[in-house]
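Trainee: Could we go through this model together and test each label against its definition?
Mentor: Gladly, let's take a look.

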Amino acid sequence: MPIVAYILATVKTGREYEVIDAIKGMKGVKEITLTYGLWDLVIKVEVEAWGQLDDLITKIRRIEGVESTATLVGV
C-alpha cells in the first residue's frame, strides 16, 4: 500500500517558482500547490516505502531557496 504524505514548505520570497520547477520532476511527487500564509508550498507525494519518503524530503530540503519543511503522513 502506498504511503501518501503532504510536505509543507516555506520558501524564500521570490524563489517559489524556481523551487516548484526543481520539485515537479522528482519521483513520487503527485501535486504541488502554491499557497499564501504560513506555508508557501503544499507538496503531495506518494511513495512505496518509508526510505523513499525520507530521501524525497531530504532532496526537497536541499533545494536552494527552501527554508523549512514539515511533513504530514496520511493513514
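Trainee: Which residues of helix α1 are called buried, and what makes them so?
Mentor: In α1 (residues 16–23), they are Glu16, Val19, Ile20 and Ile23. Buried means under 20% relative accessible area, exposed over 50%, partly exposed in between (1.4 Å probe, protein chains only). The helix itself is a DSSP run (H or I, at least four residues; strands are E, at least two), numbered from the N terminus.
Trainee: How do you know on which side of α1 they sit?
Mentor: They cover an arc of only 100° around the axis, so they share the same side of α1. That arc is taken from the directions from the helix axis to the C-beta atoms.
Mentor: A word on the basis: this is a predicted model, where local features need pLDDT of at least 70 and side-chain atom pairs count only at pLDDT 80 or more, while totals for chains, interfaces and linings use all residues. Residues are numbered from 1 along each chain as its sequence is written, and side-chain values use heavy atoms, with hydrogens and water left out.
Trainee: What do the buried residues of α1 pack against?
Mentor: β1 (3–11), β2 (29–34), β3 (41–47), α2 (50–61) and β4 (66–73), where contact means heavy atoms within 4.5 Å.
Trainee: What is the strand order of the open sheet?
Mentor: Its 4 strands run β2-β3-β1-β4, with antiparallel pairing. β2 and β4 are the edges because each has a single partner strand.
Trainee: Why do β2 and β3 count as paired?
Mentor: Pairing needs at least two DSSP bridges between two strands, and β2 and β3 have 5 bridges, so they qualify.
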